Amino acid sequence: MSSGRVPSSPSLSATTPLLRRQQSAKKRESRKSAAGQDGVRVFGVEDGKTELDWRNDAAQSFMWMSSFAFAGIALSVIENEILWYTKVGTDVEETVWTHALKIGVVGSTVAALVFLFFYYDAQLKVLRASGVEFSPGFSLISLNESRLLRWFCLDLFVLIPQPMPFIHFTFEIMDVEGKAPTPYTADCIFMCMMFCRLVYLPRFVAQVSLLRQELAYRMARFYNVDINTWTVMRSLLSSDLNTLLFFIVVTVFSLSYVLLLVERPHIQGTGDVGHGLDEFETSLWVTIITLTTVGLGDVVPATKLGRVAVVINSLAAIAFYALIVNIIVANVQLSPQEHRIVEFVKRAGLQKANKQSAAKVIQTCWRQYRTNVRALSKGRLNTALRVHPAIRNVLMQFRYDNRKAKEQHMDRETQMTRAVYDLQATAAGMERQLHEIQGHTLGRGEGG
């Protein structure tokens with residue numbers, strides 16, 4: 001005899017995560033193979049890879065590019081410190097180590113540029129796989145048509161400045177007071193410009209997060225939303241306090257070192273050690289009191305480039321304060337459940353106040369009634385209850401408390417009902433006016 005059980009179909013039985021992953025992999029492989037047959041282009045596939053595959057390649061390329069860019073900053077800092085502590089007066093003595101470090105900086109920059117090209121090539125293929133049509137290949141024309149040329153040029157401008165081996169020259173800039181020139185080396189200026197590479201840090205963190213967002217990509221495609229680097233970066237900066245604090249610490253130490261770089265040559269050239277910005281601890285102190293808007297004024301920059309660095313500190317402080325306030329407000333806000341509890345407590349308090357006001361009205365009326373009875377028994381005139389000052393005051397307080405309770409605790413349904421009633425009343429008034437106008441018109445016609 002049959003047990004009465006209905007045999008499950010293969011499509012219904014494949015509900016385990018392992019089987020679902022295998023089916024998804026088979027679908028991707030079939031789409032890739034279809035894209036490679038006879039040169040037929042399939043939507044969602046470019047050069048044998050899906051859009052998600054190219055997004056992952058772009059994220060990995062950007063991470064490698066950022067890593068080489070940050071490594072170049074570290075090597076340049078070491079090279080600059082060696083040059084500073086081995087210089088005699090204003091003369092810089094190049095050594096084998098400094099040349100080797102500069103070559104390492106150039107090598108890291110070249111590697112970063114290579115991965116930069118890989119990154120934008122993957123971005124173009126992501127757009128092609130998503131259905132955007134523009135010129136084939138990787139070229140300035142395709143970058144311009146895909147609106148990536150501006151970002152590509154900005155990234156090139158950030159990566160190119162660096163200390164070059166066997167290239168050294170010195171120039172002078174007058175200090176703030178105009179008394180003595182400050183000698184700057186080319187390595188010092190290029191070193192300051194290399195810190196612009198730190199703008200890759202938020203994008204680097206965002207790309208790390210993007211590599212883990214395969215499900216988010218699929219949900220975003222379902223809701224027709226584009227999840228890109230800027231979306232994830234805005235999400236991290238507006239909701240994750242730990243990530244924001246990490247960026248603040250990196251910014252503080254970086255700007256402190258830049259301030260040290262532009263102020264230290266002034267002390268070496270003029271011998272003015274009064275402002276004390278030739279030490280990293282003092283530069284860090286000035287950066288912190290500038291970011292916190294304290295500004296004690298005990299230590300001030302003596303060079304024009306130092307003032308530029310302080311202005312950048314102030315602008316960074318404005319941005320960080322806005323982000324911190326946004327995160328604090330988001331964390332302090334009540335959840336829907338907590339908001340309901342608070343509303344319940346408020347409602348209970350208002351109901352209690354309303355009951356007390358009603359009790360005061362009854363008590364005052366009763367007392368005045370007894371007073372009027374005694375006055376009537378003794379033959380004196382009575383005071384009407386409705387015009388008595390004490391009764392009018394408690395009645396006004398009761399009306400105020402009652403109206404406040406109704407306004408505070410009116411739920412959405414009551415608000416919608418009131419709005420519907422208002423619309424109905426308005427429509428009825430307009431209809432009456434139309435009838436009146438029609439009646440006047442007919443009356444004039446008959447009279448004529």
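## Helix 3 against helix 7

In this predicted model, helix 3, which covers residues 51-86, packs against helix 7 at an angle of about 150°, and their axes sit 10 Å apart. Angles over 145 degrees count as roughly antiparallel, so helix 3 is roughly antiparallel to helix 7. As for handedness, these two helices make a left-handed crossing.

So who's touching whom? On the helix 3 side you'll find G72, I73, S76, V77, E79, N80 and L83, and they meet D187, C188, M191 and M194 of helix 7. Sort that contact by class and you get 6 nonpolar, 3 polar and 2 charged residues.

## Helix 4 against helix 6

Next up is helix 4 (residues 96-129) with helix 6 (residues 149-159). Their axes are 11 Å apart, and the packing angle is about 170°. With the cut-off for roughly antiparallel set at over 145 degrees, helix 4 and helix 6 are therefore roughly antiparallel to each other.

Helix 4 brings T109, A112, L113, L116, F117 and Y120 to the meeting, while helix 6 brings W151, F152, D155, L156 and L159. The class count for this contact is 9 nonpolar, 1 polar and 1 charged.

## Helix 12 against helix 13

Now look at helix 12, made of residues 280-291. It packs with helix 13 at an angle of about 45°, with 8 Å between the axes. That angle makes helix 12 oblique to helix 13. The crossing of helix 12 with helix 13 is right-handed.

From helix 12, the residues in the contact are T287, T290 and L291; from helix 13, they are V310, N313, S314, A316, A317 and Y321. Here the classes come out as 5 nonpolar, 4 polar and no charged residues.

## The second largest pocket

How much space lies in the second largest pocket? About 870 Å³. There are 28 residues lining this pocket, and those closest to its centre are F195, V199, T251, L255 and I312.

Which helix gives the most to the lining? That's helix 13, with 9 residues.

Key: Residues are numbered from 1 along each chain as its sequence is written. This is a predicted model: local features need pLDDT of at least 70, side-chain atom pairs count only at pLDDT 80 or more; totals for chains, interfaces and linings use all residues. Side-chain values use heavy atoms; hydrogens and water are left out. On a 1 Å grid over the protein atoms alone, a cavity is a set of points where a 1.4 Å probe fits but cannot get out, and a pocket is an open set with protein on both sides within 12 Å along at least five of seven lines; lining residues have an atom within 4 Å of a point. Grid points are joined across faces, edges and corners, and a volume is the space filled by probe spheres set on the points. Helices (H or I, at least four residues) and strands (E, at least two) are DSSP runs, numbered from the N terminus. Axes are lines fitted to C-alpha atoms, for helices over the stretch in contact, and angles run from 0 to 180 degrees between N-to-C directions. Angles under 35 degrees count as roughly parallel, over 145 as roughly antiparallel, 65 to 115 as roughly perpendicular and the rest as oblique. A crossing is left-handed if the near helix is turned anticlockwise from the far one by less than a right angle, and right-handed if clockwise. Contact means heavy atoms within 4.5 Å. Ala, Val, Leu, Ile, Met, Phe, Trp, Tyr, Cys and Pro count as nonpolar, Asp, Glu, Lys and Arg as charged, and the others, Gly among them, as polar.
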